[in-house]
2 protein chains.
Amino acid sequence: MKYIESVKNPKVKQWKKLHTKKERDLTGTFLAEGYHLVEEALKDKDQIVELIISEASEIPSSWNLDGISITMAPPEVLKAISDTETPQGAAAVCRRLEAKGSDSWSRVLMIDSLQDPGNLGTLIRTADAAGIDGIVLGEGTVDLYNSKVIRSSQGSIFHLPAVKGEIGEWAGKLKERGVSVYGTSLAGGFDYKTVQSGGSFALLIGNEGSGVSEELLGLTDQNLYIPIHGQAESLNAAIAAGILLYHLRG
Amino acid sequence: MKYIESVKNPKVKQWKKLHTKKERDLTGTFLAEGYHLVEEALKDKDQIVELIISEASEIPSSWNLDGISITMAPPEVLKAISDTETPQGAAAVCRRLEAKGSDSWSRVLMIDSLQDPGNLGTLIRTADAAGIDGIVLGEGTVDLYNSKVIRSSQGSIFHLPAVKGEIGEWAGKLKERGVSVYGTSLAGGFDYKTVQSGGSFALLIGNEGSGVSEELLGLTDQNLYIPIHGQAESLNAAIAAGILLYHLRG
């Protein structure tokens, strides 16, 4: 166990830098804050580079910390590296989850140009619940390791692999492998309930405002819509994904 | 059309007060900010007490403002009454939507002790999309007219009636009328897919952390769960409601 005594320790500066995408990309690591997220990360210890624990807090007795590098620090340090208003007594520097075997995924969520970090986090959590194999993040999508994404994912970011990719290429490869590729569209296509559940599939969700681009909608097997029965103009992207993923997986 | 010239006008103080629940309850009105919400409110003009428009903005030519009381004001006024960082050039003081005929609703969403305003707004939007007749808000649920609820509802608050009520009483009355009452539970009950779609129903959604109370779960016809296939611990309340409402309505 290591100790640091002040926010002036150079490690603190290093940890704070992880709030920038540049530093996260450079180091391949990111910061997860709070007991719940640390607990989720601990389920696969290889993901943890080091834990930072406040001297003022107790380590939950259920945590198995064998082999984990731990740094104890005063509460001010936890506060300094946090981007929440009420920092908790634990944080972890984590490695990105490797997306092994992505070329055999048979239930895939593809996301194009999604902007809102809360939406992306909720999508990851929902896809995890629905038993998806992995996520493909297309260009223009908010950074996966943004702290708000991590928080909204409620820890699913530690369980569900995600890769950046070119959605058009992915659609082509998935179709070659016999995986049905479904776009989502407000403007037309098929009522999602007409699609048979239970097979392999890839679902493509688009930008909150403009949806999936016309170009990508042209590359899918079928485009699906969810009927709007009332006066709402649309569904939230994560809600739509939840309804469709649970329908498609059967 | 009326004009006000400064943020010191007493009307501005009155509008700002609508950010408190007390004043909203006292007056039976609330404030909706931004072009999209005003546009949704205009679909049923009886709901609008008055519009506040910035002199620096253009009124969209598609708006039919016949019979609407309008006050023009400098941009500072719109800024002063807004609780967003980037106020838009229009706001409306609105009357609460009357919940007519609630004793004949046959598709009902009941919400118990939901805390997060963003979640409640998204639930209202989702319930509107799913063609629900009305919403019952049980005790301990965040105020319906909280500005974040209104924003997240994306205008569905103007279309979908909601009443406050005692969930237990409502469950009893609905069952008497032959409406199936479904609770939601992580801990047991029936896989939602075993429930036949298409009939009349009332769905009960609970608190984000603790779900529906044991007491209320004892008053339903059946309690449903959504299977978790991956490692997520649960689904977001609004996502779960979306999946269940779209399944139940068929």
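**Reading the model**

Analyst: B:K11 has a relative accessibility of 29% and therefore counts as partly exposed. The scale calls a residue buried under 20% relative accessible area, exposed over 50% and partly exposed in between, using a 1.4 Å probe and protein chains only. This is a predicted model, in which local features need pLDDT of at least 70 and side-chain atom pairs count only at pLDDT 80 or more, while totals for chains, interfaces and linings use all residues. Residues are numbered from 1 along each chain as its sequence is written, chains are lettered from A and ligands numbered from 1 in the order in which they are written, and side-chain values use heavy atoms, with hydrogens and water left out.

User: With which residue does B:K11 form a salt bridge?

Analyst: Side chains of opposite charge can pair when their charged atoms come close. The rule asks for a side-chain nitrogen of Lys or Arg within 4 Å of a carboxyl oxygen of Asp or Glu. B:K11 meets B:E50 in this way, with 3.0 Å from N to O. B:K11 belongs to helix α1 (residues 10–17) of chain B and B:E50 to strand β3 (residues 48–54) of chain B, so the bridge ties together parts 39 residues apart in sequence. Helices (H or I, at least four residues) and strands (E, at least two) are DSSP runs, numbered from the N terminus.

User: How far apart in helix α2 of chain A are A:D25 and A:K21?

Analyst: An α-helix has 3.6 residues a turn, so residues three or four places apart point the same way. In helix α2 (residues 21–27) of chain A, A:D25 and A:K21 are four residues apart, so about one helical turn separates them. They form a salt bridge whose closest N and O atoms are 2.7 Å apart. The relative accessible area is 36% for A:D25 and 36% for A:K21. Salt bridges link these two residues and A:R96 in a network.

User: Which rings pair with their centres 4.6 Å apart?

Analyst: Rings of Phe, Tyr and Trp (its six-membered ring) pair if their centres lie within 6.5 Å; planes under 30 degrees apart count as stacked, over 60 as edge-to-face and the rest as tilted. Over all chains there are eight aromatic pairs. The rings you ask about are those of A:F30 and A:Y145, and their planes stand at 35°, so the pair is tilted. A:F30 is in strand β2 (residues 29–33) of chain A, while A:Y145 is in the loop between β7 (134–137) and α6 (147–152) of chain A, 115 residues apart. A:F30 is buried at 1% relative accessibility, and A:Y145 is buried at 9%.

User: How many residues of chain A are in contact with chain B?

Analyst: Contact means heavy atoms within 4.5 Å. By that rule, 33 residues of chain A are in contact with 33 residues of chain B. The buried area, meaning the accessible area (1.4 Å probe) that two parts lose on being put together, summed over both, is about 2,500 Å² between chain A and chain B, and carbon and sulfur atoms give 55% of it. In chain A, the residues that lose the most area to chain B are A:H229, A:Q231 and A:Y246, together 24% of what that side buries. Between the two chains there are zero salt bridges.

User: Which helices of chain A each supply at least two residues of the side that touches chain B?

Analyst: They include α3 (35–42), α5 (117–129) and α9 (237–249) of chain A. The largest share, seven residues, comes from α9(A). Within α3(A), the buried residues include A:L37, A:V38 and A:L42.
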